[in-house]
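Reader: Hello! Please take a close look at one part of this model with me, and then follow the chain onward from there.

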Amino acid sequence: MKYVKTALILAAICAVAAVVLATLNMVTEPAIEKYEEQKVISALESVSNGMDIGEMKAVDDGYVTYMYPLSKNGKTSGYILGLSSIGYGGELGIIASFDTDGLVMNAILVSDSETPGVGKKAEAKGYMDKFIGTGSASNPVPTSKSMLSDVDAAAVSGATITFTGITKALSAGSAFVRSL
């Protein structure tokens, strides 16, 4: 009888905890969704270089998951691409803008699970600057540290897998835009 009483008490505690957690999830889920949506909108505005952002189009082309056309004075001037790649800690989510020739205009790492202090450097302001203006045959996206200046190579030191994931995604994004 002692064990039955203990089991009933534990079951009641579990039931109460489950109800509390479900209620908490219902209350916080809309706020979390709104935060994530605002984070994406902010990133889109950040990489748009002041151009008008068109309607999103889903894409299933390897690294490219979606695209937004960019226009200036009613003329298509580039694209924002949602890019997905793999880093040391798992999936990398990148939002990048490209001109119509496939040159990188701007990029932001919006989601990752990289190692703090090493791979997380890719989130820092200025990290993606080394890619701006790259993506042409004469100036390709740097895919190895030997293609970088000494300062930029030092910035990616210790985070080669993160760097490689980002460069593969940006290279694929550049090729995708050139193919449009």
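Which residues make the nonpolar surface patch of about 380 Å²?

Author: Happy to go through this with you. This is a predicted model, in which local features need pLDDT of at least 70 and side-chain atom pairs count only at pLDDT 80 or more, while totals for chains, interfaces and linings use all residues. Residues are numbered from 1 along each chain as its sequence is written, and side-chain values use heavy atoms, with hydrogens and water left out.

The patch is made by Met1, Val4 and Leu8. Patch members have over 30% relative accessible area and no salt bridge; like charges are joined within 9 Å, and nonpolar side chains (Val, Leu, Ile, Met, Phe, Trp, Tyr) within 5 Å. A salt bridge here is a Lys or Arg side-chain nitrogen within 4 Å of a carboxyl oxygen of Asp or Glu. The areas come from the Shrake-Rupley method with a 1.4 Å probe, and for residues only the protein chains shown count as cover. Methionine 1 lies in the segment before helix H1 (2-47); helices (H or I, at least four residues) and strands (E, at least two) are DSSP runs numbered from the N terminus. Methionine 1 counts as exposed because its relative accessibility is 82%, on a scale where buried is under 20%, exposed is over 50% and partly exposed lies in between (1.4 Å probe, protein chains only).

Moving on from H1, asparagine 49 is found in the loop between H1 and S1. Although asparagine 49 is not a glycine, its phi is positive, about 55°, and with a relative accessible area of 38% this residue is partly exposed.

Next come the strands, which pair if DSSP finds at least two bridges between them. Strand S1 (residues 52-53) pairs with strand S3 (residues 64-72) in the antiparallel sense over two bridges, and isoleucine 53 has leucine 70 in S3 as its bridge partner. Strand S2 (residues 57-61) also runs antiparallel to S3, joined by three bridges, with lysine 57 opposite methionine 67 in S3. The S2 and S3 hairpin has two residues between the strands, and there glycine 62 takes a positive phi near 65°.

On to strand S4 (residues 75-87), which pairs with S3 in the antiparallel sense over eight bridges. Lysine 72 stands opposite lysine 75 in S4. Asparagine 73, in the loop between S3 and S4, has a positive phi near 55° despite being a residue other than glycine; at 80% relative accessibility, asparagine 73 counts as exposed.

Now the rings. A search of the whole structure finds two aromatic pairs. The rings of tyrosine 66 and tyrosine 68 are edge-to-face, because their centres are 5.8 Å apart and their planes lie at 90°. (Rings of Phe, Tyr and Trp, the last by its six-membered ring, pair if their centres lie within 6.5 Å; planes under 30 degrees apart are stacked, over 60 edge-to-face, and the rest tilted.) Tyrosine 66 counts as buried at 18% relative accessibility, and tyrosine 68 counts as buried at 13%. Phenylalanine 131 and phenylalanine 163 form a stacked pair, 6.0 Å centre to centre with 25° between the planes. Phenylalanine 131 lies in the loop between strand S6 (104-111) and helix H2 (150-156) and phenylalanine 163 in helix H3, so this pair ties together parts 32 residues apart in sequence. Both phenylalanine 131 and phenylalanine 163 are buried.

Finally, buried residues in H3 include Thr162, Gly165, Leu170 and Phe176.
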